[in-house]
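Biologist: Please show me the model, and then let us go through the terms used to describe it.

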Amino acid sequence: MKNQRIRTLISILAFFLIAITSMAQVPDEVILSLKTGDASTLSNYFNENIELVVLDKDNVYSKEQAKQIVASFFSSNSPQRFAIIHQGGKEGARYAIGNLTTTKGVFRVYFLLKEKGQKDYIHQLRIEKQ
């Protein structure tokens, strides 16, 4: 009886572990570029046009314009730490929310990734004062 419960528990845990690991994660380069303030690497994941909100900038920008706005933000707010606090989504589209700690305060970061071909692209990025 006790062995059967243990086997059932192990089966349930294995199922959840497989489900979690099969869920697509945010690319490591995206997380690292936010931690280090690397707008160039981050922009490699921008869609051709991206909905961008960075403090008082709020519009749909080209990839190059968005890169410049994010680079300007990082130069004024040097990142110290970035941590994802929540992520979710479904096949082909997912989002993440995180906290970006900079020399000038903490910012809430939200981004939406969509899969196009075999690559993930950021369609929306928001960096707002917390």
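Modeller: In the protein chain, 42% of the contacts between residues at least 6 apart in sequence join residues at least 24 apart. A contact here means heavy atoms within 4.5 Å. This is a predicted model, where local features need pLDDT of at least 70, side-chain atom pairs count only at pLDDT 80 or more, and totals for chains, interfaces and linings use all residues. Residues are numbered from 1 along each chain as its sequence is written, and side-chain values use heavy atoms, with hydrogens and water left out.

Biologist: What makes up the secondary structure of the protein chain?

Modeller: The protein chain has four helices and six strands, in the order α-α-α-β-β-α-β-β-β-β from the N terminus. Helices (H or I, at least four residues) and strands (E, at least two) are DSSP runs, numbered from the N terminus.

Biologist: Why is Asp120 counted as buried?

Modeller: Buried means under 20% relative accessible area, exposed means over 50%, and partly exposed lies in between (1.4 Å probe, protein chains only). Asp120 has 14% relative accessibility, so the residue counts as buried. Asp120 belongs to strand β6 (residues 119-129). By the same rule, 33% of the 130 residues of the protein chain count as buried.

Biologist: Which side chain makes a polar contact with the side chain of Asp120?

Modeller: That of Arg94, at 2.7 Å. A polar contact is a pair of N or O atoms within 3.5 Å; within protein, one must be able to donate a hydrogen and the other to accept it, and residues adjacent in sequence count only if both atoms are side-chain atoms. Leaving out residues up to four places away in sequence, Asp120 touches Pro27, Tyr45, Arg94, Leu113, Lys114 and Glu115.

Biologist: Why is the pair of Tyr95 and Tyr110 called stacked?

Modeller: Rings of Phe, Tyr and Trp (its six-membered ring) pair if their centres lie within 6.5 Å; planes under 30 degrees apart count as stacked, over 60 as edge-to-face and the rest as tilted. By this rule there are three aromatic pairs. One of them joins Phe73 and Phe74, which is tilted, with 5.8 Å between centres and 55° between the planes. Tyr95 and Tyr110 have centres 6.4 Å apart and planes at 25°, and this pair is stacked. Tyr95 is in strand β4 (residues 93-102) and Tyr110 in strand β5 (residues 105-116), so their pair ties together parts 15 residues apart in sequence. Tyr95 has a relative accessible area of 25%, so this residue is partly exposed.

Biologist: How do you know that the charged end of Lys129 sits over the ring of Phe107?

Modeller: A charge sits over a ring if NZ of Lys or CZ of Arg is within 6 Å of the ring centre and within 35 degrees of the ring normal. The charged end of Lys129 is 4.8 Å from the centre of the Phe107 ring. Lys119 lies over the face of Tyr45, 5.1 Å from the ring centre. Phe107 is also linked by ring pairs with Phe73 and Phe74 into a cluster.

Biologist: What makes the span of helix α4 agree with its number of residues?

Modeller: The expected span is 1.5 Å times one less than the number of residues. For the 14 residues of α4 (residues 63-76) this should give 20 Å, and the end C-alpha atoms are 20 Å apart, so the two agree.

Biologist: Which residues of α4 are buried?

Modeller: Ala66, Ile69, Val70, Phe73 and Phe74. They cover an arc of only 135° around the axis, so they are on the same side of α4. The arc is that of the directions from the helix axis to the C-beta atoms. The face turned away from the buried side carries the exposed residues Gln68 and Ser75.
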